[in-house]
Amino acid sequence: MKNITNFEDLLNEKYGKKGTPYRDQFEADSLAFRLGVMLKEARTEAKITQEQLAERTGTKKSYISRIERGKSDIQISTYQRIIEIGLGKSLNI
């Protein structure tokens, strides 16, 4: 890892430059993970279960679980519905 001076250099070294398939997959997985963590924190703060959140948003508990584990490719509109309808919070992008 010579000549690595910042995080972007590290990502380029490990996953390739932006726009390459391996880097694009890393970026997508990273985003899914971050969205999942944020959802779980908001749900926990609201003191509701995955099942309750699923009922409020018309989804299934297993879907909420997959999102929270970063295992679901979620559309931003769906994520927004879960945050705003399910948790009563606003989503600012």
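Start by selecting Tyr22, which is exposed, with a relative accessible area of 55%. Here buried means under 20% relative accessible area, exposed means over 50%, and partly exposed is in between (1.4 Å probe, protein chains only). This is a predicted model, in which local features need pLDDT of at least 70 and side-chain atom pairs count only at pLDDT 80 or more, while totals for chains, interfaces and linings use all residues. Residues are numbered from 1 along each chain as its sequence is written, and side-chain values use heavy atoms, with hydrogens and water left out.

**Stop 1: the aromatic rings**

How many aromatic pairs does the structure hold? There are 2 aromatic pairs. Tyr15 and Phe26 form a stacked pair, with 3.9 Å centre to centre and 15° between the planes. This pair links distant parts of the chain, since Tyr15 is in helix 1 (residues 7–15) and Phe26 is in helix 2 (residues 21–45), 11 residues apart. Helices (H or I, at least four residues) are DSSP runs, numbered from the N terminus.

For the ring terms, rings of Phe, Tyr and Trp (its six-membered ring) pair if their centres lie within 6.5 Å; planes under 30 degrees apart count as stacked, over 60 as edge-to-face, and the rest as tilted. Tyr15, Tyr22 and Phe26 together form one aromatic cluster. Tyr15 is buried at 18% relative accessible area, and Phe26 is partly exposed at 23%. Leaving out residues up to four places away in sequence, Tyr15 touches Thr20, Tyr22, Arg23 and Phe26. Contact means heavy atoms within 4.5 Å.

**Stop 2: Arg23 and Glu27**

Now select Arg23 and Glu27. Side chains of opposite charge can pair when their charged atoms come close. The side chains of Arg23 and Glu27 meet in a salt bridge of 2.7 Å, N to O. A salt bridge is a side-chain nitrogen of Lys or Arg within 4 Å of a carboxyl oxygen of Asp or Glu, and the structure holds 4 of them. Arg23 and Glu27 are 4 residues apart in helix 2, so about one helical turn separates them. Are they buried or exposed? Arg23 is buried at 0% relative accessibility, whereas Glu27 is partly exposed at 28%.

**Stop 3: Arg43 and Glu68**

Move on to Arg43 and Glu68, whose side chains form a salt bridge of 2.5 Å, N to O. This pair links distant parts of the chain: Arg43 is in helix 2 and Glu68 is in helix 4, 25 residues apart. Both Arg43 and Glu68 are buried, with Glu68 at 8% relative accessibility. Beyond its neighbours within four places in sequence, Glu68 is in contact with Gly36, Val37, Leu39, Lys40, Arg43 and Gln50.

**Stop 4: the nonpolar core**

Select Leu39, Leu53, Ile67, Ile74, Tyr79, Ile82 and Leu87. These have the most contacts inside the largest nonpolar core, which has 14 residues. Helix 2, helix 3 (50–57), helix 4 (61–68) and helix 5 (76–87) each supply at least two of its residues, and helix 5 gives the most, with 4 residues. A nonpolar core is a set of buried Ala, Val, Leu, Ile, Met, Phe, Trp, Tyr and Cys residues joined through side-chain atoms within 4.5 Å. Pick out Ile74: apart from its neighbours within four places in sequence, Ile74 is in contact with Leu35, Tyr63, Ile67, Tyr79 and Ile82.

**Stop 5: helix 5**

Select residues 76–87, which make up helix 5. Which residues of helix 5 are buried? They are Thr78, Tyr79, Ile82, Ile83, Gly86 and Leu87. They cover an arc of only 135° around the axis, which puts them on the same side of helix 5. The arc is that of the directions from the helix axis to the C-beta atoms. The buried residues of helix 5 pack against helix 2, helix 3 and helix 4. Just after helix 5, Gly88 takes a positive phi of about 70°.

**Stop 6: Glu45 and Lys89**

Finish with Glu45 and Lys89, whose side chains meet in a salt bridge of 2.9 Å, N to O. Glu45 lies in helix 2 and Lys89 in the segment after helix 5, so the pair ties together parts that are 44 residues apart in sequence. Glu45 is exposed at 57% relative accessibility, and Lys89 is partly exposed at 32%.
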